[in-house]
Amino acid sequence: MDVSIIGSGYVGTTVAACFADLGHDVVNVDIDESVVRAINDGDAPIHEPGLDDLVAAHGGDDLRATSDYDAIRETDVTLLALPTPSHDDGSIDLAAMKAGAEAVGEALAGKDGYHLVVVKSTVVPSTTDGTLAPLIADASGKVEGKDFDVAVNPEFLREGSAVEDFREPDKIVLGTTGSERALERLRTLYAPITDAQDAAVVETGRSEAEMIKYANNAFLAAKVSLINDLGNICKEYGVDAYEVADAIGLDDRIGERFLRSGVGWGGSCFPKDVDALRAAARDVGYEPLMLDAAVEVNDRQPERLLALLDDHVDVAGERVAVLGLSFKPGTDDVRNSRAIPVIERLQERSATVVAYDPVAAGEMREHFPDIEYADSAADALAGAHGAVVVTDWDEFAALDGEFDAMADPVVVDGRRIVDRRDGVTYEGLTW
């Protein structure tokens with residue numbers, strides 16, 4: 001198929017490269033000319049395992065980029081993959097999506113024949129029905145259901161494994177008004193995946209598809225916060241929360257995934273989506289107490305990490321190493337990383353912070369330009385009076401003799417990635 005994708009962020013670029021790899025002809029539309037040039041030169045504009053190879057293989061050929069929305073007229077389907085950040089009150093900011101929908105509509109005004117527009121971005125229920133589809137219709141002068149359809153196809157891509165998640169999805173959700181033309185085009189789009197494996201395909205309504213994405217992320221965020229809450233209790237009783245989690249994970253009603261207790265969740269999806277769902281619930285008069293509690297537990301974990309450090313060393317005026325800055329391993333994304341509140345609270349304690357991350361130091365410099373950034377974990381630990389582990393990069397599991405260079409070898413591990421060893425005062429956050 002001929003596919004156009006509006007937006008070249010984490011979702012747009014990954015989805016574009018993966019569709020090109022499936023055999024579709026793909027064009028990315030983005031207002032950032034540097035991103036357009038990068039894709040056409042075969043360079044991935046973001047860090048994501050496996051993406052560099054795909055963009056290098058397809059960029060400038062069956063994966064192209066442009067800043068011209070008119071390019072969508074030559075395609076069969078257009079995916080809107082634009083950001084939906086949060087307002088201060090947690091509600092969803094639709095500015096980019098509205099602008100994108102209007103631009104798509106204006107481009108479609110000059111197209112003959114049927115077109116399918118797909119909302120890939122995360123939006124609250126009724127957004128497509130009440131806002132985006134009417135905007136496209138008004139801007140195009142065309143009739144929805146006759147000249148074009150709008151579908152909802154949420155993404156379930158985890159940063160750090162997005163390419164793998166696209167290729168081997170747990171589910172593919174297709175939300176439509178019931179239009180058989182829209183469904184057939186979506187089925188064709190994903191046929192290379194569904195024909196090759198037994199991926200579950202959920203065909204549902206548009207608002208249901210919108211809600212499925214929020215429910216998915218809210219459930220996972222709540223699961224992590226629950227295991228963190230249980231882990232905090234375990235720590236108070238001297239119980240290893242990971243042994244407890246291994247046992248309860250054997251219950252198929254619970255499952256073993258997302259039971260790694262630690263310093264909490266971050267990233268671009270969980271915080272934004274949970275906040276948006278909470279705000280949307282309050283808009284219709286419902287108080288989401290369970291989700292409020294999940295957020296509160298998550299917000300407390302960084303302080304619990306530092307409280308354990310306080311038990312062993314007064315960090316005022318002392319060098320403290322922060323190992324890991326990205327919100328999870330495998331990505332340079334620091335959005336809502338737990339390292340941000342950890343660094344802020346270390347600064348409130350008047351500590352001298354030295355930070356290290358294999359790929360995310362540059363991104364974190366935008367938040368903290370004045371702290372020291374080390375070139376290696378060993379450099380960060382040298383002379384430090386304490387260290388906190390915030391991201392579970394594999395290389396931290398290999399640390400050993402590097403701790404000998406610490407002035408005060410106290411390590412508080414927020415991710416259970418560092419092994420206990422002689423000569424090091426080691427505290428696990430929930431074990």
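Lys272 is buried, with a relative accessible area of 16%, where buried means under 20% relative accessible area, exposed over 50% and partly exposed in between (1.4 Å probe, protein chains only). Lys272 forms a salt bridge with Asp273, and their closest N and O atoms are 2.9 Å apart. A salt bridge is a side-chain nitrogen of Lys or Arg within 4 Å of a carboxyl oxygen of Asp or Glu. The model is predicted: local features need pLDDT of at least 70, side-chain atom pairs count only at pLDDT 80 or more, and totals for chains, interfaces and linings use all residues. Residues are numbered from 1 along each chain as its sequence is written, and side-chain values use heavy atoms, with hydrogens and water left out.

- Glu427 and Lys235 join their side chains in a salt bridge of 2.7 Å, N to O.
- This pair links distant parts of the chain, 192 residues apart: Glu427 lies in strand E14 (residues 425-428) and Lys235 in helix H8 (residues 206-236).
- Helices (H or I, at least four residues) and strands (E, at least two) are DSSP runs, numbered from the N terminus.
- Glu427 counts as buried at 16% relative accessibility, and Lys235 counts as buried at 18%.
- Glu303 forms a salt bridge with Arg349, with the closest N and O atoms 2.6 Å apart.
- Glu303 is in helix H11 (residues 289-310), and Arg349 is in the loop between helix H12 (339-348) and strand E10 (352-356), 46 residues apart.
- Glu303 is partly exposed, with a relative accessible area of 30%.

**Network and total**
- A network of salt bridges links Asp275, Arg278, Arg282, Glu287 and Asp292.
- The count comes to 27 salt bridges.
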